[in-house]
Amino acid sequence: MAWSGNVGSFSGDFGTQKRWPDGTRVQNNYQNPPNSSVVGNSAACNDGGEIQLKNITPNAANAVIIGLVISKQQPKTIPSKSDPNNDRGLISFTIRDSPMDFINGTCWGSENYIFDLASKFKIGDIVEIRNPQIQNKQNTEQEERYRPWTPSPYQLSLSEKYSSLSLYGGWNLDRFNTLQHVPIRGNDNYYTLADVLSNGQGLHGEHINLLALLKTIGPPKDIVTKAGKKMQRCEVKLYDETCPSFPIVLWDTENIELVQRWMTHETVVFAFDIMVKFDNFRSSMVGTVDSKTIFIINPDTQKAHSLFKFGQSHDPSDDTTGDADKQNVDLSTIKDVYKVDQIKSLTRESHDGVEYGITYAFLTALDIDNSTRNGISMRCASCKRRVQVDSANFGCINPNCPSLLSGKTDTVMTFDIPVDLSDITGTLSGCYLGGTQAEEMLKCSMDEFIQYTDQQKTDLKWKYLLERCKVYFKVSQPGAKRVVRVLSCSKADPMEVIPHL
């Protein structure tokens, strides 16, 4: 995990500041960033002519500002007022040069110039801005709705003719790189994912902060809106100790490019100003990244380190999102049909996206009458992790489980059936069938199943074993390896199978 240093590596007052930019008090367990210096009150730095954001004024001439790009929107075009035959281009961004100081900027120019400039820097780069126009911030409704919140009373305006923006070529990188891991608001200023779900529609349309782990990254998809506009869409899933999966939708190419660099179960995301909405299709809350959102990755806080450890302890076979995924995914929208060898290829791919598909395969293993592994598991009622009921130290082994506070682990019994799928191309072992999917397939509840005799379980198994079934599946990576989870399984209609043989 690429944290800039150990927890407690930043100063309590960051030189002269005693509060975060949003007004909340800075905790006292921070020290100066390693290999950096606390900046004094002088407006100029060793880079010659550089002015720090805390010292800028509207009448500063030939200013040089160096900062870390913490937000960037994809370039846009608007009709030119002076030349109706040509469009003007603009690109908006946010830069930061200290833990307490960050500012919004906009660069204007010809369409070609702006799109070329946009390709030369990205979120996380250190840039040098020369001769910007420093303006008073326009505290309008549009500013509030569509631009990231910043503590600066000013904003930067760059022009193609008089200003420049380029990658910083100096040596003083540590001062800026550490800022990637410093929150822009108080460490405890966020909702847990369970808080979002429990508040439900009460938070609909609100911008909130989230601190969570990255679970999966979906592949970017090109779409065309009803108005004919071409866009990209990407969905990532976050999780924490309180919620196994929470979807975040991204529409901006800059942020979509950013998340592709993250690592599942290792990247802790502090997301500021995520818009949350109630999705009628999913009947649940979802998050949306918009032009106000800023991401701080692997923040150097105690809670973030705790989340990272939780992610490292996550067992891929303990993926408990099957029921939720089935509720969130309309099976009728899954159309791609795979052979078994093609599914194997999906499990070997290196990307962290989620794939859905259908296969018409024989069920060649269904261990529900095995005395040592009968397709049942006991899980912690709080965090849904498996527990070993026959262990001498019975209890949840998840170090971050809320049940540890009470000293008592309540358990629930669920289906957790390993199945093998086979066709002419091979056999795929170790697929998981559990929860309500297993109940629907076997046509019995868990309470009914545990009352069955061994012979009844064997008879139930042979209703499906060696039968060709239509299987809806999901390939994902909840842990260190990609796994296949069955979303639905039923005997296949022969007429439906023939076209796919």
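**View 1. Isoleucine 417 and its neighbours.** Leaving aside residues up to four places away in sequence, isoleucine 417 touches Leu366, Asp367, Ile368, Gly375, Cys431, Tyr432, Leu433, Ala438 and Leu442; contact here means heavy atoms within 4.5 Å. A quick word on what you're looking at: this is a predicted model, where local features need pLDDT of at least 70, side-chain atom pairs count only at pLDDT 80 or more, and totals for chains, interfaces and linings use all residues. Residues are numbered from 1 along each chain as its sequence is written, and side-chain values use heavy atoms, with hydrogens and water left out.

**View 2. The largest nonpolar core.** This core has 31 residues, and Leu366, Phe415, Ile417, Val419 and Leu442 touch the most other members. A nonpolar core is a set of buried Ala, Val, Leu, Ile, Met, Phe, Trp, Tyr and Cys residues joined through side-chain atoms within 4.5 Å. Buried means under 20% relative accessible area, exposed over 50%, and partly exposed in between (1.4 Å probe, protein chains only). Among the elements giving two or more residues to this core are α8 (340-348), β16 (355-366), β18 (411-423) and β19. Helices (H or I, at least four residues) and strands (E, at least two) are DSSP runs, numbered from the N terminus. There's also a second, separate core of 28 residues, including Leu193, Leu203, Ile217 and Val269.

**View 3. Threonine 427 on strand β19.** You'll find threonine 427 in β19, which spans residues 426-434. With a relative accessible area of 35%, threonine 427 is partly exposed. The side chain of threonine 427 makes a polar contact with the side chain of serine 422 (2.8 Å). Such a contact is a pair of N or O atoms within 3.5 Å; within protein, one must be able to donate a hydrogen and the other to accept it, and residues adjacent in sequence count only if both atoms are side-chain atoms. Threonine 364 sits 63 residues away from threonine 427 in sequence, yet their C-alpha atoms are 8.3 Å apart.

**View 4. Two cysteines.** Cysteine 431 is buried, at 0% relative accessibility. Cysteine 444 is buried too, with a relative accessible area of 3%.

**View 5. Helix α1 and its covered side.** In α1 (residues 111-118), the buried residues are Ile114, Leu117 and Ala118. They lie on the same side of α1, because they cover an arc of only 100° around the axis, taken from the directions from the helix axis to the C-beta atoms. Among what covers them are β1 (64-72), β3 (87-98) and α5 (253-259).
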